[in-house]
Amino acid sequence: MPAVSPTLDLAVRLGRLALPNPILVASGTFGYAREMAGLVDLGRLGGIVPKTITQEPRTGNAPWRTIETASGMLNSIGLDNDGIEAFVVHHLPYLGTLGVPVIVSIAGRTHDEFVAMTRRLAGLAGAAAIELNISCPNVSGGVDFGTDPAMCERLVADCLAATETPIIAKLTPNVTSVPVMARAAEAGGADAISLINTCLGMAIDWRRRRPLLGNGMGGLSGPAIKPIALRAVFQAAQAAKTPIIGIGGIATIDDVMEFLVAGATAVQLGTVNFYNPQASMQVLDALPAALAEAGASCVADVVRTLKT
């Protein structure tokens, strides 16, 4: 094993957003961070993406909301949250004390609602960036902006115009062409692209002839979707120059390195937080040695280096 250089640089940049390292935790899997404070050294993370918020409070979908599957999990939470004002008053101040970049995830029902939420968050202490969740399969209209390139480009551009805060577009795998949507987000001026969100899936109780999820279908996450996520990240990296945040089944240092080589500048750990809350710390501990093994002096040295 090569010696790890004490000068090895873990910092990365996503457009205008600078991160101390590429290891983030994904929206919907980390709460608002308070829940994880006793399990994770939050200040070591490259970034935290809290639970997605909406303009008004949402009660979410009917139960069941989560189902364990082979190598993964189906969820149909339905963006259950207390709304943007409760987030700004009760959660953002705490998140802002952690000394780590916080990327606020937002979801709107309409174009104007996305823009209004972006404007509301503009300049608030603690909000390092805004992630536009245009890819949630568990709510009506949740993927509209992530499947229509014209709508995606316009939304990103208008949200950018509403704030000086960096904007990240979170894309869906439930689309005909990932490259087309990546180019649309880039054309709109996104600082970074996150992908993937969950894959639309279903679980059935054949004896009762009924779906197990209350909403019928939900989003599949976890190790089962990693090959899909790697493919999507690679395709997006080939199609656009915008920095990419890879998401989907990441649980180990090998997973992290695979995503970096495929084209991601940073990654988000999601479902693994439910069954191994220490995973983010474990990959952070292992990252310097993995980069040294790759002959890299910084994270950027391995990004987009896949040989085909």
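Here are a few notes on the model, which is a predicted one.

1. Let's start with the aromatic rings. The count comes to 2 aromatic pairs. In the pair formed by Y32 and F87, the ring centres are 5.9 Å apart and the planes sit at 50 degrees, so this one is tilted. Y32 comes from the loop between β3 (23-25) and β4 (47-48), while F87 belongs to helix α1 (residues 84-95), so the pair ties together parts that are 55 residues apart in sequence. Both Y32 and F87 are buried.

2. On to F114 and F145. Their ring centres lie 5.5 Å apart with the planes at 80 degrees, so the pair is edge-to-face. Helix α2 (residues 111-121) supplies F114 and helix α3 (residues 144-147) supplies F145, so parts 31 residues apart in sequence are tied together here. F114 is buried, at a relative accessible area of 1%, and F145 is buried too, at 7%.

3. Now the cysteines. If you go looking for disulfides, the count is 0. C136 is in no disulfide, and the nearest cysteine sulfur, that of C199, is 13 Å away. The cut-off for a disulfide is sulfur atoms within 2.5 Å. C159 is in no disulfide either; for C159 the nearest cysteine sulfur belongs to C152, 10 Å away. As for burial, C136 has a relative accessible area of 7% and counts as buried, and C159 is buried with 0%.

4. Have a look at the surface around I204. L200, M202, I204, W206 and M217 make a nonpolar surface patch of about 560 Å². I204 is found in strand β12 (residues 204-205). Is I204 buried or exposed? Its relative accessibility is 55%, so I204 counts as exposed, the cut-off being over 50%.

5. With a relative accessibility of 5%, M281 counts as buried. Which residues does M281 touch, leaving aside those up to four places away in sequence? They are V40, D41, R44 and L45. For another distance to check on screen, take A224: the C-alpha atoms of M281 and A224 are separated by 22 Å, and the two residues are 57 residues apart along the chain.

Definitions and conventions
Residues are numbered from 1 along each chain as its sequence is written. This is a predicted model: local features need pLDDT of at least 70, side-chain atom pairs count only at pLDDT 80 or more; totals for chains, interfaces and linings use all residues. Side-chain values use heavy atoms; hydrogens and water are left out. Patches are made of residues with over 30% relative accessible area and no salt bridge: like charges are joined within 9 Å, nonpolar side chains (Val, Leu, Ile, Met, Phe, Trp, Tyr) within 5 Å. Accessible areas come from the Shrake-Rupley method with a 1.4 Å probe; for residues, only the protein chains shown count as cover. A salt bridge is a side-chain nitrogen of Lys or Arg within 4 Å of a carboxyl oxygen of Asp or Glu. Helices (H or I, at least four residues) and strands (E, at least two) are DSSP runs, numbered from the N terminus. Buried means under 20% relative accessible area, exposed over 50%, partly exposed in between (1.4 Å probe, protein chains only). Contact means heavy atoms within 4.5 Å. Rings of Phe, Tyr and Trp (its six-membered ring) pair if their centres lie within 6.5 Å; planes under 30 degrees apart count as stacked, over 60 as edge-to-face and the rest as tilted.
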